[in-house]
Amino acid sequence: MASLLIKNGNIVTAGEQYTADIYCDGEQISRIGRNLDAPPGATVIDATGKYVFPGFIDPHVHIYLPFMGTFAKDTYESASRAAVVGGTTTLIEMVCQAKNEEPIRDGFELWMSKAVGKSACDFTFHQSVTRYDAHTEAQLREIVAAGVSSFKVFLAYKGAFDMTDKELYDTMALAKELGVVVTAHCENADLVLEMQKKLVGEGKTGPEYHYWSRPPRVEAEGVHHLVTFGETHGTHIYTVHTSCKESLDEAMAGAARGVNINVETLIQYLVLDKSYAELPNFEGAKYVMSPPLRDKSNQQVLWNALRKGYVSTVATDHAPFDFVGQKDMGRDDFTKIPNGIPSLEDRINLLYTHGVAAGRIDLGTFVTSASTQAAKLFGLFPRKGTIAIGSDADLVVYDPTYRGKISAKTHQLNLDYSAFEGWEIKGRPAVVTVRGEIAARDGAFVGTLGRGQFLKRERTY
Ligand code: URP
Ligand code: ZN
Ligand code: ZN
């Protein structure tokens with residue numbers, strides 16, 4: 001495979017910032033230093049005036065997702081293309097098999113078949129556990145042995161993905177035994193269902209009522225529940241899409257008494273608030289996701305938590321549904337609006353623009369929360385998540401002087417809208433490499449579909 005020399009970049013890792021050249025011999029980084037020479041035939045990229053970041057990792061993505069009577073819109077081709085253009089070189093998808101459907105092993109294999117030979121970036125999975133019995137347990141052991149060292153549980157979505165407390169208890173025990181991290185969607189499923197019925201019964205059917213069916217305490221109760229079960233077995237737990245102060249408080253209360261917990265938030269919660277779901281003419285449906293967008297006051301709490309390291313990762317929970325034909329299934333009833341605000345392509349540029357360029361976070365926090373921590377928590381470090389000799393040559397040469405706008409007219413996603421239509425971005429990837437191959441240049445995909453590899457992961461604790 002060809003070699004690549006990136007010259008004079010301002011290299012930023014979680015702990016360091018310095019100017020140097022990076023030489024990649026094939027798929028890995030083999031030299032870092034000043035004034036490196038390019039052998040004949042090497043591709044040379046001048047990164048003067050630009051940052052060089054480790055390839056970004058999105059630890060919470062949905063691509064193949066049968067959900068709420070429809071299917072998420074992307075395929076691995078469209079999603080991984082969008083990921084790479086936006087600087088994400090590794091994604092972790094949730095295997096989300098509905099409860100009581102086929103053996104869990106079949107679910108894992110189905111999700112794998114959607115990715116292998118199609119993805120432009122590297123990928124791995126969190127294995128959902130939507131039921132637990134002796135058959136399931138044996139298959140979960142096989143899936144973990146195949147290299148999937150994290151589970152996903154849903155305390156929400158009554159009847160679709162949720163589980164009983166006994167199942168949660170058993171899942172936590174198995175995870176502890178196998179050194180598996182349990183990631184969790186924390187909302188009380190029964191509370192949500194009853195509040196949905198009440199609101200719809202009162203004729204409150206618009207997208208703005210989605211929020212009122214799952215207010216902050218409903219999420220915080222879920223976090224409290226998860227922490228209690230994680231604590232019981234000493235399992236490493238991880239709250240996905242943490243949206244508000246109340247939930248963060250529950251997670252931190254657990255951490256303060258020694259629970260092994262990490263917190264994920266989403267770029268959506270950092271830059272959007274619940275007023276978007278209140279937009280007239282059903283526009284609010286574009287902003288319906290779970291947990292819902294919160295009061296703006298939560299944004300300051302989350303940015304601060306990110307700076308302080310209480311929030312470990314910034315993900316997307318990418319779950320794309322068209323406005324026409326999918327979101328509008330819920331025009332007369334918000335409980336039928338497919339949940340999700342897609343942002344796989346825009347996460348990094350939004351985090352840079354509203355975080356680094358706006359002075360809310362420094363470059364180290366940016367890299368840590370969008371790459372390094374995900375690699376460390378999910379068993380990918382130091383192959384991924386840093387710039388070091390021997391690490392995969394997943395690199396993002398980032399141009400902080402770029403100015404442009406997000407639009408559904410120009411995005412790579414297979415989607416008829418953007419939740420960030422017309423938003424300005426200050427900076428974007430100029431060059432993105434996936435294991436040594438240039439996969440994106442200045443907003444254009446130039447990579448190879450199918451080159452992405454499944455990343456086998458070991459236990460992490
Ligand atoms: O609204 C969301 N979050 N949709 C995707 C499914 C999930 O809960 O992660
Ligand atoms: Zn969720
Ligand atoms: Zn999700």
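Strand E1 (residues 3–12) and strand E2 (residues 17–25) run antiparallel and are joined by 8 bridges; two strands pair if DSSP finds at least two bridges between them. Helices (H or I, at least four residues) and strands (E, at least two) are DSSP runs, numbered from the N terminus. A hairpin with 4 residues links E1 to E2.

E2 also runs antiparallel to strand E3 (residues 28–33), with 5 bridges between them. Here Tyr23 stands opposite Arg31 in E3. The hairpin of E2 and E3 has 2 residues between the strands, and in it Gly26 takes a positive phi near 75°.

## How to read the numbers

This is a predicted model in which local features need pLDDT of at least 70 and side-chain atom pairs count only at pLDDT 80 or more, while totals for chains, interfaces and linings use all residues. Residues are numbered from 1 along each chain as its sequence is written, chains are lettered from A and ligands numbered from 1 in the order in which they are written, and side-chain values use heavy atoms, leaving out hydrogens and water.

Buried means under 20% relative accessible area, exposed over 50%, and partly exposed in between (1.4 Å probe, protein chains only). Just after H4, Gly179 has a positive phi of about 70°.

Thr235 sits in the loop between H7 and E13 and counts as buried, at 1% relative accessibility. A polar atom of its side chain lies 2.9 Å from the backbone oxygen of Met172. Not counting residues up to four places away in sequence, Thr235 touches several residues, including Ala175, Lys176 and Tyr461; contact means heavy atoms within 4.5 Å.

Which protein residues hold the zinc ion (ligand 3) as donors? They are His60 (NE2), His62 (NE2) and Asp317 (OD), lying 1.9 to 2.2 Å from the ion. Donors are N, O and S atoms within 2.8 Å of the metal (3.2 Å for Na, K and Ca), and sites may look incomplete because water is not among the atoms. The 4 donor atoms around this ion (ligand 3) subtend angles of 85 to 138°, which makes the arrangement irregular. His62 lies in the loop between strand E6 (56–61) and strand E7 (66–67), and Asp317 in the loop between strand E15 (313–315) and helix H11 (347–356), so the pair ties together parts that are 255 residues apart in sequence. Both His62 and Asp317 are buried.

The zinc ion (ligand 2) is 3.7 Å from the zinc ion (ligand 3). His185 (ND1) and His241 (NE2) coordinate the zinc ion (ligand 2) at 2.0 to 2.1 Å. This pair links distant parts of the chain, 56 residues apart, with His185 in strand E12 and His241 in the loop between E13 and helix H8 (245–256). His185 and His241 are buried.

Technical notes: Tetrahedral: all angles 85-135°; square planar, octahedral: opposite > 155°, others 65-115°. Polar contact = N/O pair within 3.5 Å; in protein donor to acceptor, adjacent residues only side chain to side chain.
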